[in-house]
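Grab a pencil and have a go at these exercises before reading each solution.

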Amino acid sequence: MSEYQKMISSQPYNCMAPELTQLRREAAQRYRRFNQAEDEAEQRALLAELIGELAENAFICPPLYCT
């Protein structure tokens, strides 16, 4: 089982595993783009990539930081 699979199934995992380091980098790129985006549609698309499912009336105001 990968460290990612362990993480999402709430099992103990190695947070410094290379596969998770890459995911953190990708998330950081997305939230930086979100923070710089002025268009709400672009922000919403980036949030969907970061969070997955997003409620219709959800509102997150930049700046956003996450891992």
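Predicted model: local features only at pLDDT ≥ 70, side-chain atom pairs only at ≥ 80, totals over all residues.

**Exercise 1.** Work out how many disulfides a search of the whole structure finds.

*Solution.* Start with the rule: a disulfide is a pair of cysteine sulfur atoms within 2.5 Å. Next, take Cys15: its closest cysteine sulfur belongs to Cys66 and sits 16 Å away, too far for a bond. Then try Cys66, which has the sulfur of Cys61 as its nearest, 15 Å off, and is in no disulfide. The whole-structure count comes out at zero.

Residues are numbered from 1 along each chain as its sequence is written, and side-chain values use heavy atoms, with hydrogens and water left out.

**Exercise 2.** Decide whether Cys15 is buried, partly exposed or exposed, and do likewise for Cys66.

*Solution.* Buried means under 20% relative accessible area, exposed over 50%, and partly exposed in between (1.4 Å probe, protein chains only). Cys15 has 39%, so partly exposed. Cys66 has 28%, so partly exposed too.

**Exercise 3.** Find which residues make up the largest nonpolar core.

*Solution.* Look for buried Ala, Val, Leu, Ile, Met, Phe, Trp, Tyr and Cys residues joined through side-chain atoms within 4.5 Å. Now sort by element: α2 (18-36) and α3 (40-51) each give two or more, with α2 supplying the largest share, three residues. (Helices here are DSSP runs of H or I, at least four residues, numbered from the N terminus.)
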